[in-house]
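Please read them with the structure open.

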Amino acid sequence: MARDAAHKRMIELLGNNEPLPVDLRQEIIFYAGPCPPKPGQVIGSTAPTTAYRMDPYAPAMYEYGVKGTIGKGPRRDSIKEACREYGAISFAAVGGLSAILSKCITAVEIVAYEDLGPEAIRKLEVRDFPVLVAYDSYGNDLYEQEIAKYRTLGDGVT
Amino acid sequence: MREIHTDEIRDTVARLCMEACYYLPEDILAGFKKAEAKEVSPLGKTIINQLIENAELAAAEHVPYCHDTGMTVVYAEIGQDVHIVGGSFSDSINAGVRKGYQEGFLRMSVVGDPLLRVNTNDNTPAVIHTDIVDGDRIKFTLLPKGGGSENMSAMKFLLPGEGTEGVKKFVIETIEAAGGKACPPVVVGVGIGGTFDKVTAIAKEAVLREVGVHHHEPHIAELERDLLEAINRTGIGPQGLGGVSTALWAAVETYACHITALPVAVNIQCHAARKKSAVL
């Protein structure tokens, strides 16, 4: 689990050919920042944040070896191209489904950048965590495909 | 003159922070159910049903339905016959936010300086709007505003001659640019008129209007109906994954404006439409 502030730091490290604080090669990054856990909870409410904010960083992360990312909402064309080029997948989970999704996380541990609070890098173990393939390694775009089926608005607004 | 102590303000704000984040408002839940019945996309229907289930789970367990518990926008309508005692009014609101977010296990989502970006770790400061009204009470309305939908909001000065059609075009452009990024099904708040600052303020106030309630002016109510229909024909749907439930509601607020101007603002509220009021 990593989002804006952690990505900014990691991209600086990659740019300087320095190692990341944790090895994320072959891993999936969940773009999210959780609520603090109530007593008895593994993790507080959690769901994906908007993926496009990580668009400036994602191609470099895929090139480095990250195999997938989980976020919400459509992304730039550069992500489609990066997924194809590096054999990665950009997944979508339901934004704001935070009470339900927190129950799919069975273990959590802060592994880097603890000073970032909700934006620290966390290692998660999950079970039956529901995701959709939004952008695959073949150039498919689930958002584009699905919206086209239901759009009935003409060029004007009426 | 009626005295209201700042401790009471702090505790009320703290309670509203938690309640707004744990219990999805009834009008939004009713909006989900209506949207689910109308939704033609199977995936869209599934998503809305999940959101209903999520709201019910959060309420039962007293946990946030969405992890982004927002930047806390506080509206205070202060009766002119109220005397606030015990300390500073704005300090007591921020003390309430601090208490509510800490004791409620809500996410701290605020950085103190927009460029240095260090988390304040207590979700303060709040954004506080005050209005002096008649009476001897204070009404607080909390709108803990999530970042995803706020980021997709927009403002533009149209030419006066662009009129209603220009407004519709700008609203649709804003909604289409936001797509799934704003976490639909959304509530769309539109401000028309006023000045640069006023138009965005009334767009945000529009977001607070109960889903299902139209503007009292018939021509504005008609605009709201037209906007909602057009927004739901974009195909964006729940989470931007296709469907006819892009928005649960579109509310428009207006204000007088300068002869040169037709300002329009669109404030998008995600489906986690947190809002809660209390009167002291």
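**Notes on the sheets and the interface**

1. Strand S7 (residues 186-194) of chain B runs parallel to S8(B), and 9 bridges join the two. Within this pairing, Ile192(B) has Thr254(B) in S8(B) as its bridge partner. Keep in mind that this is a predicted model.

2. Which order do the strands of the open sheet in chain B follow? The order is S6-S9-S7-S8, with 4 strands and mixed pairing. Strand S6 (154-158) and strand S8 (247-257) of chain B are at the edges. Each has a single partner strand, so one side of each lacks a neighbour in the sheet. On average, neighbouring strands here are turned by 15 degrees against each other, direction ignored.

3. Two helices deserve a look against this sheet. H6(B) packs on the sheet and touches S6, S7 and strand S9 (262-269) of chain B. The direction of H6(B) makes about 30 degrees with that of S9(B). Helix H8 (residues 218-231) of chain B also packs on the sheet, touching S7 and S8 of chain B. For H8(B), the angle to the direction of S8(B) is about 140 degrees.

4. Chain A has an open sheet as well. Its 4 strands are ordered S1-S2-S3-S6, with mixed pairing. The twist from one strand to the next averages 30 degrees. Strand S2 (residues 68-71) and strand S3 (residues 89-92) of chain A run parallel, joined by 4 bridges. Gly68(A) stands opposite Ile89(A) in S3(A).

5. Now the interface. How much area do chain B and chain A bury between them? The figure is about 3,700 Å², with 62% of it on carbon and sulfur atoms. His67(B), Phe105(B) and Arg233(B) supply 20% of the area that chain B buries against chain A, more than any other three residues. In contact terms, 47 residues of chain B meet 40 residues of chain A.

6. Polar links across the interface come next. There are 17 residue pairs in polar contact between chain B and chain A, both residues at pLDDT 80 or more. The salt bridge count is 2. Arg151(A) forms a salt bridge with Glu176(B), with the closest N and O atoms 2.6 Å apart.

7. Last, the side of chain B that touches chain A. Helix H3 (42-61) and helix H6 (163-178) of chain B each supply at least two residues of this side. H3(B) gives the most, with 10 residues. The residues of this side divide into 21 nonpolar, 17 polar and 9 charged.

Key: Residues are numbered from 1 along each chain as its sequence is written. Chains are lettered from A and ligands numbered from 1 in the order in which they are written. This is a predicted model: local features need pLDDT of at least 70, side-chain atom pairs count only at pLDDT 80 or more; totals for chains, interfaces and linings use all residues. Side-chain values use heavy atoms; hydrogens and water are left out. Contact means heavy atoms within 4.5 Å. Buried area is the accessible area (1.4 Å probe) that two parts lose on being put together, summed over both. A salt bridge is a side-chain nitrogen of Lys or Arg within 4 Å of a carboxyl oxygen of Asp or Glu. A polar contact is a pair of N or O atoms within 3.5 Å; within protein, one must be able to donate a hydrogen and the other to accept it, and residues adjacent in sequence count only if both atoms are side-chain atoms. Ala, Val, Leu, Ile, Met, Phe, Trp, Tyr, Cys and Pro count as nonpolar, Asp, Glu, Lys and Arg as charged, and the others, Gly among them, as polar. Two strands pair if DSSP finds at least two bridges between them. Axes are lines fitted to C-alpha atoms, for helices over the stretch in contact, and angles run from 0 to 180 degrees between N-to-C directions.
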